[in-house]
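Hi everyone, thanks for coming. Let me put the structure up on the screen, and then we'll walk through a few parts of it together.

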Amino acid sequence: MAQREGLGPGGKTGEVIAQALIEQFPEYIKIKKATHNRVYAMVDKTAWLKVATYMKDKFEFDHVTAVSGVDWLEEKKMWVVSHITSYSNQVTAEIIVELPRDKPEIDSVSNLWGGANWHERETYDMFGIIFLGHPRMERILTPEGTDYFPYRKDFVGGRRV
Amino acid sequence: MDMRLAPHAIAMSAQEFLAWSRDLMEQLMQASGGKKAVDKITAPIWSWALRNANYPLHFGIACCALEMAAASGSRFDAERLGMIFRSSPRQTDVLLINGWVTAKLRPDLRRLYEQMAEPHWVVAMGECAISGGPWYDSYNTVQGVDTFIPVDVYIPGCPPRPEAMIDGFMKLHKKINKEMKGTFLED
Amino acid sequence: MAEMWLNMGPQHPMTHGLWNLRVKIDGETIVEAEPVVGYLHRGWEKIAENRMYPQIIPLADRLCYGASMSWEHLYCNTIEDMMELEVPDRAKYIRSIVLEAQRIGSHLMWLAALGTDLGSYTIFLYSVRERELFLDLMQNLCGARLTYNYCRIGGVRNDVPANFERDFDRVLTHFEKKMSGLEALMDQSSVFRMRMEDVGYISGEQARNLGVTGPNLRGSGVEYDVRKDDPYEAYADLDFQVCYENEGDAFARYRVRMDEMYESCKIIRQAIKQMPKGPYRLKPPRTAEKGKSGWAHVEDPRGEGFMYAIGNGTDRPYRLKVRSPIFVTVSAAPVMLVGYKVADVPAIMGSVDMCLGETDR
Amino acid sequence: MSLYSFAYGLALWICEVIAWIFNTIGASGIGGWLVTPGVVQFLQVIIVALIVFIVGFLVSITFIWQERKILGRLMDRRGTQVGVLGLFQNFADGLKAFIKEIIIPKDVDKWVYDAAPVILIGVSCFMIGLIPWGPDFYLANLSNGVLFVFAAFSIAPFAILIGGWASNNKYTVMGGMRAAGQLISYEVPILLSVASVVILAGSLNFLTIVQQQEDSMWYMFPLILGFVVFLVSLIAEIERIPFDLPEAEAELVEGWMTEYGGMRFGLVMLAEYVRAYVACSVAVLLFLGGWSGPSFVWPEIWFLLKVFILFAIFIWVRGALVRVTTKQILGIGWKRLMPLALVNLGIAIALKMTGVF
């Protein structure tokens, strides 16, 4: 491939994608920032799966870089932060979905992207966020029989074993 | 042997007789100083053999496993000292723990330790195996393997250099040399 | 033989680290595979939340001990993105050089592991021997063999030592010469090719969907390299090729890594030539703003490494997420394994380049 | 002086000494019985057997040393250095194996588990006895020695199979099965290439075969195809890299001997190298002219030299190649070696019928 000038063959910059997302889901999506290869957005929990499908089909976002959870103890909420990359457009989108802390449930995207499968399992393992529709919502890293979610902020670290 | 000392020897079953005669032999040997003499002669031979055929278990856990690999590489060449890595715990003498031990691994490690045939030794390599190292406040790692299996030699470092690892094995050799006294009649 | 489950691990010569590959076999054919990880899980992200920013650098070293430089660099990169720091040019070039040297070292360790997997101790010893030279270079640079603690937030710890260019040049020349010999030992050996070709096939489409990254992805014909597609450090100014193969089997992954090593030599030579003078480090702030987040992704020797950090106004991060390339690649292992024989498992998993320290975190 | 006459002299001397002692204490009946030819010959056979076995085992142990050293040099390191030139490493290994704890896993089939190493080492000893070192250095000179050696060779995979099965471990079972599969596919090419030698020599006796080679030429030259087939199959037969599938370390931990430890493991290792020694000897006897060579040193030295050089080639192969898989090993055996062996057999028959040999 020739020397690439910041743009892949897809040719859609982050600004274009952000604009399209706002037009498509005006009431569900909030764009924080968009540069030529980055999109930062917040998506409502109910529309997350739809947004993901749209992004995958329309803008060839075919790689999930990471799915991570964040626990906001004081604000009583949780985040699921997904970083999704489009190889052809060379754009990475950071999409935050906010969840209530007492009932953290979100639609799984592991049927769209197989790569999200283990990330979601790990997020469940560490934060107790339940991904609805995930093929195998089990603990992955911690030993069997663990009864706590270690990365939650109310779990205090320190010697335990 | 004077049979008057053991009149009941006649009425024994074969297995009883074997056990009895073995005990008697041992008592006689110990009483007469024969055991001491035999030990004195044989113990250096056994300990030489144990020192020079010290097979560590091929078991890489974490960072120190790379230094273990480097130690068997051509620059450090641990094999010239008789350290030949074998993969089955039944055939090895040294359990080299080269990394942190987590709650998930602990039962397996204990099992490996028990699968190894006596005499066997445990070498804790690196800070994580000695005390938990950088993960001292982790909820999932064991703070030192000596909390659940006895350790003979500690090799400090994070990770220790291959020379340090070989030096640790030399320390182990010294320990074997000191300890291996009188194994012949006991085993 | 009826179907049975076979546990390959945790103590198994194939694992290179500590994981458990459960395979269901029919005779010797694999019909189902299930990787079990977590034997090295130590709660890295939780531990990092209790450390100050500079204290995390040595921890990041121990994420993947085969490529510690690239992980500590990734961490520094993330924090720089969060704190919006611009690294001095000289530091960028030094970082690029050590990253590429680290890539070669890591690939050599992979080659060594692959050698033992395939039953050739010679390949193992030869690549470990060459790797020692790169470790020596690193030792010259920062005093450690494996865990360097060299990158700093806002630069690197120290400037390059005396005779840096000369040493690198000598090592690279020597390495290229020796490597072509070792390559001939493998590439021209029909037995080696027999073992590696047509096993562990994964198509580009599958690899993309399953999140496989790095050389494993490029072995399937997808030309994605973070160094090229989202350049960081000095890579935008350096001229290099993205190595890829179209076959998607174990041999293609092997070829990609071998080519990458030569490409890295090229990058190092260029970077040394173009390295500007100037400061190599700036003083970073001790704290990050509350709620401010940043992330970075780099081309780790094993794939796309990624970190995501959130600050909370103190000198400790509120959240630090690590994306390990191998964690995702392992989840794709069933696709590569099913249908092949048990005897192919070491070749396939060896070509993936496992590193469990980063997988389990 | 042949081995037998030497042993006869030694036996006679021992008997006479003992007889003299008995005579002096007055028990001249026993003394007279001791010097009868039957007793002396019995002692003679025992002495010969002892000599042959000790020499055989020593050579096998030297093989281990040779492998460690040459492999080490091939890999740019020193190899073992215990004792003078590392010669004592093997003795350290053996002594250590003696004092290791005897572990019999709970769920093994105890009798079979114990029997497998015994069969293995027994068969290997049997083969040592059949190998002649020189025109008059042998334990048994059977008229069909070649057949006997290969019959004994093919018992070993059986021991591996039952040992692997009895260990009650999935890896050992797979290793045992692989050994059986390997046996079937490699026994045929081996025997076919041996058959070509037998056709040329017209005999199944090692001494005759070597004599025939001395008279004409080493069979390696007319039967070069058969020699190559024989060597490759031999590597498979003695289970070395690239064909060491029963103990393929990377996928089967230690293969079929995973559950064996202590002295059992030591015996198994020793048996492996005894088999390597026998295999090299057979190749030398059948194809490389046995002990024939310039006569300024003993023929036994020539024989040993050839055996060591052949084993060095095996070590070289081990250093250069990677392990093949089961599928490929069967493919090589049936699709490559088998037709080549048949062609070779045809060449041998043609040579014999045209009267060249």
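Let's start with Val94(B), whose bridge partner in S2(B) is Trp121(B). That bridge belongs to a parallel pairing between S1(B) and strand S2 of chain B, residues 121-125, which runs over 4 bridges. Strands here pair if DSSP finds at least two bridges between them. As a reminder, strands of a sheet pair through backbone hydrogen bonds, either parallel or antiparallel.

Before going further, a word on what you're looking at: this is a predicted model, where local features need pLDDT of at least 70 and side-chain atom pairs count only at pLDDT 80 or more, while totals for chains, interfaces and linings use all residues. Residues are numbered from 1 along each chain as its sequence is written, and chains are lettered from A and ligands numbered from 1 in the order in which they are written. Helices (H or I, at least four residues) and strands (E, at least two) are DSSP runs, numbered from the N terminus.

Back to the sheet. In chain B, 3 strands make an open sheet in the order S1-S2-S3, with parallel pairing. Its edge strands, each pairing on one side only, are S1 (94-97) and S3 (153-155) of chain B. From one strand to the next, the twist averages 20°.

Now over to chain C. Which helix does H3(C) cross at roughly 140°? The partner is H4(C), residues 89-118, and its axis comes within 8 Å of that of H3(C), residues 68-83. Axes are lines fitted to C-alpha atoms, for helices over the stretch in contact, and angles run from 0 to 180 degrees between N-to-C directions. On the H3(C) side, the contact is made by Met69(C), Ser70(C) and His73(C), and on the H4(C) side by Arg95(C), Val98(C), Leu99(C) and Gln102(C). Contact means C-beta atoms, placed from the backbone, within 7 Å.

Last stop, chain A. The buried residues of H1(A), residues 14-24, are Gly14(A), Ile17(A), Ala18(A) and Leu21(A). Buried means 20 or more other C-beta atoms within 10 Å of a residue's own, exposed means 12 or fewer, and partly exposed is in between; those C-beta atoms are placed from the backbone. Why do they line one face of the helix? Seen down the axis of H1(A), they fall within an arc of 100°, taken from the directions from the helix axis to the C-beta atoms. Their cover includes S1 (29-34), S2 (38-43), H2 (48-59) and S5 (91-100) of chain A.

Definitions and conventions: Contact = placed C-beta atoms within 7 Å.
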